[in-house]
Amino acid sequence: MGEFAGVLLVFLSCLVVTGRCRDDTFTEELLIRPLTSGHIYSHFEFTTTWTTPEITRSIDQYRDFEFSHYDLFPRAFGEIVERYHVRELHLSLTQGLWRHRKWGYPIVDAPPGAQLWVWFNPTSENLDQTWRDLVNALSGLVCASLNFIDSTNTVSPELSYRPQGLAEEWYAGNSSYMRYAALPRENVCTENLTPWKKLLPCDTQSGLSMLLHPVPLYTAHYHALSLHLRPSCKDVSCSSVHLELTQALSLVQGPTLSSSGHQDWSLQQLFSTQLIYTCPLASMSKIYVDVTGNRDMKKFTLDPEPDIFDESGSGPSLRQLAVYDVQAALAGDGFNIEATYKSRHIYGIIPSPHLHVSRFITGYGQEGGSITVKFTNSGSTSLSVVYLEVLPWYLRLFLHTSHSYSHTKSLYISKLVTARDREQGWLYEAVVEIPASSTIELSLDFTRALLKWLEYPPDANHGFYIPAATISAVLPTPRNVSVNSLTCSTLKDKLVVQDGPSFVRLHTETLLVSLPTPDFSMPYNVICLACTVVALAFGPIHNITTKKLVLKKIENKESSFSRIVHRVKNIFKRGHKVENDCVEKDATKEQVIVEENPLYEDREDLEDITEEDEDEVKTSNKTENSQETKKDR
Amino acid sequence: MTKLVEEKDMAGSREGAWAAAGFAAVLVLVGLPVWWYTTTVYRAHLPYSTIVNLSGQPLYHATGMTLVGETTATLSVELEKNLRSMQGIKFQISKRKPRKEEIAMIKSAVSLSDLDNKLTQIMHVAAGTLAVFVVHEPDFFESNVSIIVGRHRLTYVKPGVDVQLLSTVIKSMVIDPLANKRAQGSKLLHQLPGMHKREAMRQVPTEPGYDVTLTLMVPEPHRTEIDWDAKAAVNEYLKPVVNQLESVTKLIVRSQVLYMSGLNVSPKWSTDHEHFALPQDQLPLTINAIEAKLGSFVWTRPSLHFVIYIPRKKQMPLHIHSSDGEPTETNSFLVPRWGGVMIHNIPLAKGNASFPHYVTLDSHWIMSTVLTHLHRLLPIPSLKETEGLKILPSLDTCLLTEWQLDGLARARVSYYLSNIHITLQSLCELVGEISNMVISDEVGGWVWGAVEEWSECGQAAREGRLQEATLYCSRSFTQADAAFFHPSMLALLYFPDNQKYAIYVPLFLPVSIPVILSLKMVLGLYWKPSPRKEKVE
């Protein structure tokens, strides 16, 4: 009863305030954080939440969503969610690598290239087929080559990608409902940004999305577009649920050092444009500037003055934000934030975060190699991390030598799926313990498989990209962590870092492996060459087996013309007669062997040969005669 | 020369000939099959002759019509004569006298609509048929009215009805005349006069299902906040029609709101009418701007879009002007094969009112416009009240009558039949033209299935089983389309021929020439030996 009264009150209150009650809300937020490396990190978050009785029922009962009347929620995306039994979806398209050591941990970590992981509702349909259809539909939606996701690069890891939204234990623990895939080679450009912006209710006409001008966005060091759909709690007590779609865009822009060496920045400078209009559909439109450690404005000053300063936490969880309410600040003119630094930027040693991971390829040549991961734990307690490696089938792993145990205290493989050629890739998920303030190195040895001719990509000599490994860990303190509570919907709430253990998920570098690459004209050449050799061999074999060598008698047959010719020849040959002597003698004794060749239509050619031989015999006879006459003289 | 031949070792020559024959045999028995099986294009067997036979099958609908009542013989004869000329429809007219209870009902009925309901209940006019009831009581008819079309499948006529008028009414009740022309073939369509041609082209392609999307466009959400309960409007107005159409075609209704995007129009202020005028020739350009936001990435069904546009403040009020410069009554326009756009003007905010300003939309106007557009996009037969003809108003204006549904089903079956014919025939032609096109068993199965259902559908249509015909035809159409657009059909379309020759020539030429020439020797085994044998012996 009390609940009902509460609902009624809420309903009445929104009737009073807005004239009608929306069941969906849209908020837009932007966080700007100057990094110690001199870079500027900006993170846009556009959140659409939607709650109707049907949606609540679908979330509670793990059933497919049924949307039919869309308002702020994008229909193009909603149809995909509805059709392919999606419960939770996370898609990121990233250009560049997030450098954890210099920049700390981001709000949402994403590996270079495309990454997609989806939790499906329990359904009677074949999930693999649904997944294939889903990636095709999504690749149409965001204009990315997600259609290259197939069974060879799809896995269902056990621990690394648990649901981020509401999920009961029986569901969250069953990885057969989820699919994960990454395409490390995917390039991100304006063609992905345009459809992504189309999903926003205000498009790019007004609001913070006005700042998303492609040129500064794609000249940044790091650029990540993402789309996250999850069922989540409406409030802290989780008495009601809603569906939440977060469209996020992260940017790390190069050191904006002015000629004087100051790290000054402004919205105009970062995004080549100012804010002019607010989005009338947004219930909240705010910009936060991270001023942690600069509360007293000693390091840099902000112009205009922020509306309020927000402070939360203490010690490692201390976060200070300068908050601007854009809706209030925008009054006709453009809105710009300028930060002016007091002193020159000093490139110092940046304290490294708790956990840092790097990955590289070792080995030389094109035979063997190994993927080495280096975990660095700079904390004072040992850390357990989940290490997920998804590798293509054409790297053949040697599991017996995998991960030398010399450095590790404990290593437990939580899931291992061995590859099948052309059907399935490798899934290697392990829980590794890293001792306090130490670095351990794990390596996975592999050998390279030979691909079929047509399996090579167009530029095969460029090499093959290996997707980033995923490291999930629970850090003891929120040092360097941007976000550690996942239950909130708005960026504002997420940025309030809780003291105590913080979950982080990191992605390592992608790798480039070159496989033995053939000369692609080779098959054609081989076919031609082999055919020629076969043809050449066939000729003599055919001749030997079908034809016989027979003896032929020499006949003296002279015409008047040939006599004249022989006489002429004799005149010439006289000079050589001595040298040829012995040979000619043998020749007289030998009978001429003639190949009987049925192929010749008429025997004239053959006869010519025999005639010539006969002539030679005759001439030799003659020379003998003449020699005799000489001797006689 | 002759001596040489004679002295040849005959045994050796025969051995050589046998060897040559052996080579030839190996080449023919092993080489040819290997070559054939490694290079042949897999083709499942397709029912070419059945397709040709079915292409020739007559396309018409048998439509039963019962003439009930005491009439002169001439009425039915005249009617039959008049109806015979209709293309694509064959009427089977039967005549009977009214039953006692029917007469009793006529006598007891208070009004015609009451009679219509009650008679339909006892007469059981089957789906796909019509009944003409001759009513002798003149009380039901207003003066000048001789034909009254009922809500179901019954038509009431006065005894002395004009046969010409009755047959015209029946003809347009049975099938939309333009749809009928279109289904009969594109040639007939070209012969139509301009206006009618446009009207006929307007109809959406016939497919088993459609996505109906209602889009509310609010270009200035900061000025106006629109309150429109799309769900209630759809449930109230569209849902009943969608349910009615369920047996004929599937409509999936969605709605969305698009903010901050408007139609790209530049209307001019019309001082005569005190509003902004949107000339008709600008209309085709308007939808280009929003097309990008309307597509679906999931369904391949054709979409029908109905856009409700709230004009910008500086263009308010906006009215569409027809070519003669007068504002159109409905303030909406139909986009052929695509949907419709309606312009919904809202009252302007008072000068000093605070923004945004709340507006409630007129659901009745919107949904009745949507329904009107839907009627014209789907070939639903309709009648206009003329002199002597009265149409019994439906209880719920948006609902379709049974004869309209039958007419729609008939038109769709006709389209399906001609579409299946075209698809399968072009598939056969394509397969004939492109020799290295693979036809997998899957595609073959679809073609066989499509052909089977096609003949069933034609049969059902000719026998007047309308519902079965719809079912068979939609299945056949789906299968024929699936076969025609299967990706495997395109797989080998561009395989280069020169590569093939480059592989064959170095192998086959040097090998086959000696073998073929040595065949002469093999032939010698049979022809020449007889005289020689005598010599040797």
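## Strand pairing in chain B

Two strands count as paired if DSSP finds at least two bridges between them, and strands themselves are DSSP runs (E, at least two residues) numbered from the N terminus. In this predicted model, strand 13 of chain B and strand 14 (residues 339-343) of chain B pair in the antiparallel sense over four bridges. Here B:Ser332 stands opposite B:Met342 in strand 14 of chain B.

Let us step back to the whole sheet. Five strands of chain B form an open sheet in the order 8-6-11-14-13, with mixed pairing. Its edges are strand 8 (250-259) and strand 13 (332-335) of chain B, each of which pairs on one side only.

## Cavities

The structure holds six cavities of 30 Å³ or more. A cavity is a set of points, on a 1 Å grid over the protein atoms alone, where a 1.4 Å probe fits but cannot get out; lining residues have an atom within 4 Å of a point. Points are joined across faces, edges and corners, and the volume is the space filled by probe spheres set on them.

The largest cavity has a volume of about 480 Å³. Its lining has 28 residues, and the closest to its centre are A:Ile107, A:Val108, A:Asp109, A:Gln164 and A:Leu486. Strand 24 of chain A gives the most to this lining, with five residues.

## Reading the numbers

Residues are numbered from 1 along each chain as its sequence is written, and chains are lettered from A in the order in which they are written. Local features need pLDDT of at least 70, side-chain atom pairs count only at pLDDT 80 or more, and totals for chains, interfaces and linings use all residues, while side-chain values use heavy atoms, without hydrogens and water.

Key: 1 Å grid on protein atoms, 1.4 Å probe; cavity = no way out; pocket = protein on both sides within 12 Å on 5 of 7 lines; lining within 4 Å.
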